[in-house]
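Here is a short note for a colleague who is opening this structure for the first time. Please read the points with the model in view.

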Amino acid sequence: MDARMVKAARGIRVLTLASWPASVQRDFLAGLARGDARLPRIDYPRHDFGESRRELQAIVDAADPAHPLGRYLVESARQWDIAARMLEALGTHRAGALSVSLYGHPGDPLPGGGPGTREAARHFIDIANELDRELLAPEEQVEISATALQLQLQNALDGFFGGRVIEVELDPDMIAKAAAGAYRIRLRNGAAYTDYDRRQLLHHEALVHSLTAINGRGQVRLPSLAMSSPRITATQEGLAVLAEQITGSIDIERMKRISLRTEAIAMAMDGADFLEVFAYFGDAGQGPDESFSSAQRVFRGVPVTGGAAFAKDTVYLRGLVEVHTFFRHALREGRLHQCRRLFAGKMTLDDVQAFDPLFDAGVLLPPRWLPEWVARANGLAGVLAFSLFANRIRLDRLSTAG
């Protein structure tokens, strides 16, 4: 049934099918330069995933939800079905509503009954506005060309894997500055990067997103653990941002960018159109290229006239708090093996706990590759303990606000 699900979901590529072509950005910025900024126009192709959705429903009907693998199949197949229906509705408000079903709402509370995600985002934006210029050293603002970054990342990854496993490529047709797959990381040719960007791409994209996909492809019994199912997005992004924090690869500006996207999603849901959200990012200090890229993330797959948003970027802060809490409890309760097993494929925090007996029995394989910070028990415990101390004020204030 898992193999059937992999086949049925193979064409349901949410980010690929919802993203905009680079020509939309070029046309918009050219008009902006002439003083003629207009709402972008995107013509989404029509999709019909009826056959895939029927197969996914058949898997739901056949799987045993009382078994941990059966429950995993049921929950995954249902999420793939929602994703398929969202892609069939691209360009409509319905697509935005379905994206909320997949990723959550900016008003959703953080774990533990804390404040909403939007409130947490405003918290980090306020901190950044107060402190960012004081905390950024001059050497951290030196620009790195895409070509130089390609060479630096390729050398680091070749050294980590002991050979060429992930290829770093330049792509002139991207809107985003970077994108990661299992065996390929793409950089936007001509974009400028910083040393923080380099470390973020290494530890967030390569050594979490790509690495979990590679390890998942090694799962003989459960090959779907290599797939970026919508249901694992919050855990994956939370794990990736935690990796940035623990390795010192995140700066206050990065947290501000993540938080601005959450606020922008809420604005779009409240009725702001693309031009208003673009201006919001510009007022927050982003240049035209970055403001467009940020606004595009909010409006991909939904009308640019406002009243809907693509909700994926709401998962970053919520996922960070969830994964942070999971690691803290695992450290306290002697379950660090579950932290490592999170890297055996793309799964949720609930999955990795339910799969414990399956890992123990050899049904599921341990991760072949692990980032250094999670591979060493003493190192993980020590660094995580410091991370908990360093973040106590921020996260405790968020979890007890109000």
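**Notes on helices and a sheet**

1. Helices here are DSSP runs of H or I, at least four residues; strands are E runs of at least two, and both are numbered from the N terminus.

2. This is a predicted model, where local features need pLDDT of at least 70, side-chain atom pairs need 80 or more, and totals for chains, interfaces and linings use all residues. Residues are numbered from 1 along each chain as its sequence is written, and side-chain values use heavy atoms, without hydrogens and water.

3. The axes of H1 and H5 (lines fitted to C-alpha atoms over the stretch in contact) come within 11 Å and cross at roughly 10°. That makes H1 roughly parallel to H5 (angles under 35 degrees). Asp2, Met5 and Ala9 of H1 are in contact (heavy atoms within 4.5 Å) with Tyr72, Leu73, Ser76, Ala77 and Trp80 of H5. These residues divide into 6 nonpolar, 1 polar and 1 charged.

4. Three strands form an open sheet in the order E2-E4-E3, with mixed pairing (at least two DSSP bridges between two strands). Strands E2 (167-171) and E3 (178-180) stand at the edges with a single partner strand each, so one side of each has no neighbour in the sheet.

5. E2 pairs with E4 (residues 184-188) in the parallel sense over 5 bridges. Leucine 170 has leucine 187 in E4 as its bridge partner.

Conventions: Axes fitted to C-alpha atoms, helices over the stretch in contact; angles between N-to-C directions. Parallel < 35°, antiparallel > 145°, perpendicular 65-115°, else oblique. Nonpolar A, V, L, I, M, F, W, Y, C, P; charged D, E, K, R; others polar.
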